[in-house]
Amino acid sequence: MTDEAPGNDWKLTLRYGRSATPFQHYALIADGVAGALGDGFECRPGPAVMAMKGWATDADAAADMRRFTSGRIGFEMAGRIEIHETPPGQPPRENPFGYDICFVPYDGDTDE
């Protein structure tokens, strides 16, 4: 795949084998703690769930991408991670990537 702007039929070209990618599409959901998040991300500090979509070579690589990404944006994993193969929302590129990162805070046990 290339980084060129895809046409509207990129899902069909993947499905019917007219284009190929070495990657699978995943949705990742992880429990953790939001700290001071990087620019462009919002969530109150404390317990939260982080969701992310992405293209990776396999589920292990998707989990590694999730760990790397969360560390760079200020989210610390503190619980389990769920990884599911899902239909893509964006076309694949030359390299693995994540997108649609969002956070959902929740009330948890605190020391306060």
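Tutor: Helices (H or I, at least four residues) and strands (E, at least two) are DSSP runs, numbered from the N terminus. Two strands pair if DSSP finds at least two bridges between them. This is a predicted model, in which local features need pLDDT of at least 70 and side-chain atom pairs count only at pLDDT 80 or more, while totals for chains, interfaces and linings use all residues. Residues are numbered from 1 along each chain as its sequence is written, and side-chain values use heavy atoms, with hydrogens and water left out.

Student: What makes β2 and β4 a pair?

Tutor: Strand β2, residues 46-56, is joined to β4 by seven bridges in the antiparallel sense. The definition asks for at least two, so they pair.

Student: Why are β3 and β4 called edge strands?

Tutor: The four strands form an open sheet in the order β3-β1-β2-β4, with antiparallel pairing. β3 (75-85) and β4 (97-105) each pair on one side only. From one strand to the next the twist averages 20 degrees; axes are lines fitted to C-alpha atoms, for helices over the stretch in contact, and angles run from 0 to 180 degrees between N-to-C directions.

Student: What does helix α2 touch in the sheet?

Tutor: Helix α2, residues 59-73, packs on the sheet and touches β1 (24-34), β2, β3 and β4. Contact here means heavy atoms within 4.5 Å. The direction of α2 makes about 130 degrees with that of β2.

Student: Why is R67 called partly exposed?

Tutor: R67, found in helix α2, has a relative accessible area of 42%. Buried means under 20% and exposed over 50%, with partly exposed in between (1.4 Å probe, protein chains only). The value of 42% falls in between, so R67 is partly exposed. The C-alpha atoms of R67 and A30 are separated by 9.5 Å, at 37 residues apart along the chain.

Student: What is the confidence of the model?

Tutor: pLDDT, the predictor's confidence in each residue from 0 to 100, averages 89 over the chain, and 90% of the residues score at least 70. Over residues 1-5 pLDDT stays under 50.
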